[in-house]
Each structure stands twice: as C-alpha cells, then as structure tokens.
Amino acid sequence: MAAAQPTNVAFIGLGTMGAPMAARLVAAGFDVTVHNRTRERERLVSGARRAPTPRAAAEGQDVVITMVSDTADVEAVVLGPEGALHGMRSGAVLIDMSTISPTRTREVAQALQARGVAMLDAPVSGGSEGAERGTLTIMVGGDAAVLARVRHVLAQLGRTVTHVGPSGSGQLAKAINQVIIAGTYAAVAEGMALGLAAGLEMDGVVAALAEGAAGSWVLQNRSTNMLKGSYPLGFRTRLHRKDLGIALAEARALGVPLPVAAFVEQLETGLIARGYGDEDVSNLARTVREAAGLD
C-alpha cells in the first residue's frame with residue numbers, strides 16, 4: 001500500500017512570494033502553520049495557524065517549507081537556536097524554496113540528514129504573479145524519491161516541478177535562471193528606450209516583438225514598467241543582485257566568465273546605492289532612460 005501523502009505543512013517566510021504561496025496551500029486544503037520574522041504578516045494567510053518561532057511551527061509537521069531572503073536567513077530559521085530543525089521529527093521533509101548558496105545548501109542538508117530529516121532545495125521562478133496564481137517554475141535538487149513523497153505539495157505552487165539533480169542542484173539551476181534573466185531585463189530595457197526615443201507606438205511594437213524571436217516573459221510582463229518608468233514590486237532589485245552574487249561566485253569557482261551578468265550586477269549595485277533596491281528589478285530601465293534623457 002502506498003504511503004499516505006503528507007497533509008501537514010509549516011510555511012516559514014511570508015514575504016512577497018511566501019505569503020501567497022502559503023495561502024494557496026490553505027486554499028488547497030492543507031493543514032498549514034505559518035511563521036514570519038515580522039509576525040504581523042502572518043495575518044495575511046487566513047486559515048493558517050500562527051507559531052511564535054520556526055521551531056514551534058515545525059513541531060509535528062510532515063513538511064516544512066522555508067521561503068526567506070538569503071543564505072544566512074535559511075541558516076537562522078533552520079539551524080538557529082529556535083530553528084525548524086529542533087522541532088522536526090525524523091522522517092519529515094524540509095523544502096527550502098529560497099534562493100541561496102548551493103554550497104551552504106548541501107551543508108544544511110547534511111545537518112538535517114544527521115537528524116533523520118530529508119531536505120530538498122526547490123527555488124522558484126515566475127515572480128509574485130506566479131506565486132499568486134500557482135504557476136511558478138520549481139527547480140528541485142535532492143533525492144528524487146523524497147520529491148515523489150511531497151510533489152503533491154509543490155504541485156499547488158508551481159506549473160512545473162522538475163528534478164534537476166542531487167542536493168544543491170536546484171540552487172545551481174536557479175543561478176543559471178538569474179544569469180539568463182539578467183541579460184534579458186537589460187536587453188528589454190535597452191529596446192524599450194530605443195523605441196521611445198524614436199517616437200514609436202510602443203504597445204504595437206511590444207505586441208509584434210512578443211510573437212517573434214525576441215518574445216520573453218520579461219517583455220510580456222515587465223515592458224510596461226519600463227515604458228512608463230514606474231517599477232511596482234514584483235521581485236526586488238536587491239534580491240536579484242544577491243542572486244547574481246551567488247551565480248558569479250559559483251562561476252568564478254568553475255572558471256566560467258559571465259561578463260553580461262557581471263555588468264548587470266554593477267548596474268543593480270548602483271541602483272541599490274541610490275535607494276532603488278526595493279523596486280522591481282525592471283528598474284534596470286531607469287539607468288537606460290536616464291542616459292537617454294527620457295527621465
């Protein structure tokens with residue numbers, strides 16, 4: 001007889017992405033407990049129980065999901081004095097959906113394994129829209145058999161759930177994703193500025209481009225921001241800059257030059273220094289628009 005599918009989930013980290021993801025699990029009928037460092041945000045997930053610490057959230061749970069900002073945050077909510085590890089039972093699964101260092105991911109997975117807890121690294125792509133709609137792309141590293149046990153949980157959050165290799169592989173796949181979209185954001189920003197400077201009717205231009213080789217998620221979902229010069233939050237520039245730092249560190253270790261990613265990292269560093277780090281990453285267009293005299 002097949003093992004029963006886990007139905008109890010703790011969700012730790014309720015930011016722009018995490019809150020709608022946790023809400024989707026509640027709506028799908030899972031028994032969800034939530035914790036967030038800023039406790040007031042726990043109220044965003046109606047129908048979930050609130051826990052005062054990651055440890056308390058994880059107690060008795062089949063699955064614990066973490067969705068926080070950076071490597072240090074994952075280490076704190078998982079391995080810290082009140083971390084989830086100290087509340088998780090043997091046989092439970094931790095799914096880290098943050099974007100963090102692949103090397104540290106493997107080390108956290110080893111610490112969990114020593115306590116009988118399995119870990120999957122499952123970072124996502126698709127922005128806040130994907131989190132709200134359950135259409136994220138999820139790249140999973142870890143044991144394929146463990147993924148099979150919890151795939152029904154991830155299926156509520158993503159349109160595609162793809163096993164890409166052993167522990168840390170999900171994070172490496174996400175690093176590749178962030179490198180590719182860095183170039184795409186920059187290229188779309190330049191194209192939009194060129195069209196505006198030329199006085200073209202850009203709605204028609206974007207519609208035409210979307211059906212050809214230049215079509216992309218960024219063009220379809222973020223070109224309007226770039227044309228208006230307004231960058232409402234979808235994915236924070238400072239977080240994409242953090243992700244590029246991870247990718248560039250891995251590339252240096254492997255001896256792979258990433259000149260486009262390195263250039264975009266510099267642009268984002270400048271935007272963050274000017275106070276724009278919490279805008280959507282489509283604000284790369286700000287640098288092109290300003291240089292072209294469009295702002």
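Lys242 and Asp243 are joined through their side chains by a salt bridge, with N and O 2.7 Å apart. A salt bridge here is a side-chain nitrogen of Lys or Arg within 4 Å of a carboxyl oxygen of Asp or Glu. Both Lys242 and Asp243 are buried. Buried stands for under 20% relative accessible area, exposed for over 50%, and partly exposed for the range in between (1.4 Å probe, protein chains only). The model is predicted: local features need pLDDT of at least 70 and side-chain atom pairs count only at pLDDT 80 or more, while totals for chains, interfaces and linings use all residues. Residues are numbered from 1 along each chain as its sequence is written, and side-chain values use heavy atoms, with hydrogens and water left out.

The structure holds 17 salt bridges in total. One of them links the side chains of Arg286 and Glu279, at 2.6 Å from N to O. Arg286 is buried, at 12% relative accessible area.

Helices are DSSP runs of H or I with at least four residues, strands are runs of E with at least two, and numbering starts at the N terminus. Arg104 is partly exposed, with 27% relative accessibility. Glu107 is also partly exposed, with a relative accessible area of 36%.

Arg104 is also a contact of Thr71. Thr71 lies in helix α3 (residues 71-79). Its relative accessible area is 12%, so Thr71 counts as buried. With neighbours within four places in sequence set aside, Thr71 touches Ile100, Ser101 and Arg104. Contact requires heavy atoms within 4.5 Å.

Strand pairing was examined next. Strands β8 (residues 136-141) and β9 (residues 158-165) run parallel and are joined by six bridges. Two strands pair if DSSP finds at least two bridges between them. Ile138 has Val161 of β9 as its bridge partner. From β8 the chain passes through helix α6 (residues 144-154) to reach β9, in a right-handed β-α-β crossover. Right-handed means that, with the strands pointing away from the viewer, the path from the first strand over the helix to the second runs clockwise.
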